[in-house]
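Trainee: Could you walk me through how to read strand pairing and the nonpolar core here?

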Amino acid sequence: MPVDVGTAPWRSLGLVETAAGGRCTGALVSPGTVLTAAHCLIDPRTTRAVEPGAVRFTLALSPQGAAGEARVRGVIIGPGFSVAPGPRPDPKAPPDSDWAVLMLDHAVAGPALGLSLEAGYLPPGTPLAFGGYQADRDRQMVADTACAVSAYARDAGGRVMLQHSCAATVGASGGPLLARRPDGGWIVAGVGSLAEGGVTGGWAVPTASIARVVLGPRP
């Protein structure tokens with residue numbers, strides 16, 4: 001369903017575009033920092049990430065305009081992330097490496113719009129909302145607001161992925177899996193990463209994995 005980008009949490013989301021034609025969703029985690037999926041930054045011709053300056057973030061894009069726009073000056077990508085020719089997922093890459101933090105060339109919002117990262121794992125059944133700029137809606141953010149954490153899966157290396165029941169399509173990749181805090185605010189539980197065509201739901205990188213790299217180990 002369409003959502004109002006003037007209200008929380010949707011006012012903190014925006015469109016991530018690359019000069020190579022990539023189009024995904026990202027979320028502000030500080031006034032000048034955006035969280036998205038690493039695969040959103042890949043040039044399909046080279047299977048390598050584009051240069052930071054070739055990435056643009058447009059905050060709260062709607063048919064009426066946008067709340068802000070910035071270029072990217074630097075990028076942090078999940079350790080070990082890569083794609084195979086096609087491009088397609090690389091089975092050798094850690095599954096929880098499909099995330100990226102974009103450092104913008106200027107702040108596009110005030111501190112109140114930055115979304116916090118969940119540092120742990122939400123229990124299965126926790127309600128979620130998942131929104132973004134899907135391919136069938138050029139400038140309209142749409143969201144599934146009635147989905148949930150389905151389960152978690154752990155590979156042989158101990159890396160964890162979050163399975164969710166949220167519906168989405170191309171363009172929603174990189175968008176945040178959002179959960180309500182007890183105080184009524186919103187927190188990012190995961191970053192949309194993988195889905196199968198024609199099947200509702202998919203897989204996300206839990207923000208617990210991202211927080212360990214960006215914020216350091218928890219005491």
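Mentor: Gladly, starting with pairing: two strands pair if DSSP finds at least two bridges between them. Here β7 and β10 pair in the antiparallel sense over five bridges. Strands are DSSP runs of E with at least two residues, numbered from the N terminus. This is a predicted model, in which local features need pLDDT of at least 70 and side-chain atom pairs count only at pLDDT 80 or more, while totals for chains, interfaces and linings use all residues. Residues are numbered from 1 along each chain as its sequence is written, and side-chain values use heavy atoms, leaving out hydrogens and water.

Trainee: In β10, which residue is the bridge partner of Val75?

Mentor: That is Leu102. Val34 also stands opposite Leu102, and β3 pairs with β10 in the antiparallel sense over four bridges.

Trainee: Which residues on each face of β10 are covered?

Mentor: Buried means under 20% relative accessible area, exposed over 50%, and partly exposed in between (1.4 Å probe, protein chains only). Ala100, Leu102 and Leu104 are buried on one side of β10, as are Val101 and Met103 on the other.

Trainee: How many residues does the largest nonpolar core have?

Mentor: A nonpolar core is a set of buried Ala, Val, Leu, Ile, Met, Phe, Trp, Tyr and Cys residues joined through side-chain atoms within 4.5 Å. The largest one has 48 residues, and Trp10, Leu28, Phe57, Leu59, Leu102 and Leu104 have the most contacts inside it. β10 gives the most to this core, with five residues.

Trainee: What does the second, separate core include?

Mentor: Its 13 residues include Leu122, Cys166, Leu177 and Ala204.
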